[in-house]
Amino acid sequence: MIDPTGRVFDALADPNRRYVVQALAERQDATATELAAELPVTRQAVAKHLAALNEAGLVASRREGRETRYELTPGPLASAMDWMAGVGAQWDSRLSRLQRHLTGGSPRHAGGARRRG
């Protein structure tokens, strides 16, 4: 089974790739050479990062003459953010129930034996 959200997280695990995503989010498009000028890595390394981002669906490329221009495709990033929001909402709900329980907002039936006095 292919997990597109997992591919997004895998791609974003590398700080250079996160920088590329951020750089592309701030402009319409860029070439690997333009991006490499901003990073302490070679153009070939940037091309490999772009390939990984492309595989995750985060960038799209198009040829313009001798250059390949890359642009951000935010759909997979939005899906990953939706997944994180869903998990976060589940934890918010659990923590709210725990807080109500601890502050006396729920019955105090912890399943243990009751003490009779």
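Here are some notes on this structure, point by point.

1. Ground rules. This is a predicted model, where local features need pLDDT of at least 70, side-chain atom pairs count only at pLDDT 80 or more, and totals for chains, interfaces and linings use all residues. Residues are numbered from 1 along each chain as its sequence is written, and side-chain values use heavy atoms, with hydrogens and water left out.

2. The parts list. The protein chain has five helices and three strands. Helices (H or I, at least four residues) and strands (E, at least two) are DSSP runs, numbered from the N terminus. Read from that end, the order is α-α-β-α-α-β-β-α.

3. Of the 117 residues in the protein chain, 24% are buried. Buried means under 20% relative accessible area, exposed means over 50%, and partly exposed lies in between (1.4 Å probe, protein chains only).

4. Who touches whom. Take the contacts (heavy atoms within 4.5 Å) between residues at least 6 apart in sequence: 49% of them join residues at least 24 apart.

5. The sheet. Have a look at the three strands, which form an open sheet in the order E1-E3-E2 with antiparallel pairing. E1 (30-31) and E2 (59-64) are the edge strands, each with a single partner strand, so one side of each has no neighbour in the sheet. Helix H2 (residues 15-25) packs on this sheet and touches E1, E2 and E3, with its direction at about 90 degrees to that of E3. For that angle, axes are lines fitted to C-alpha atoms (for helices, over the stretch in contact), and angles run from 0 to 180 degrees between N-to-C directions.

6. How the strands pair. Two strands pair if DSSP finds at least two bridges between them.

7. Helix H4. This helix (residues 43-55) has 13 residues and reaches 18 Å from its first C-alpha to its last, close to the 18 Å expected at 1.5 Å a residue. The expected span is 1.5 Å times one less than the number of residues. Which residues of H4 are buried? They are Val46, His49, Leu50 and Leu53. Seen down the axis of H4, these fall within an arc of 100 degrees, so they line one face of the helix; the arc is that of the directions from the helix axis to the C-beta atoms. In general, an α-helix has 3.6 residues a turn, so residues three or four places apart point the same way. On the face of H4 turned away from the buried side you'll find the exposed residues Gln44, Lys48 and Glu55. Just after H4, Gly57 has a positive phi of about 85 degrees.

8. Thr5 is in helix H1 (residues 4-12) and is buried, with a relative accessible area of 17%. Leaving out residues up to four places away in sequence, Thr5 touches Ala80 and Trp83. Asn16 is in helix H2, and with that same exclusion Asn16 touches Leu39, Val41 and His49.
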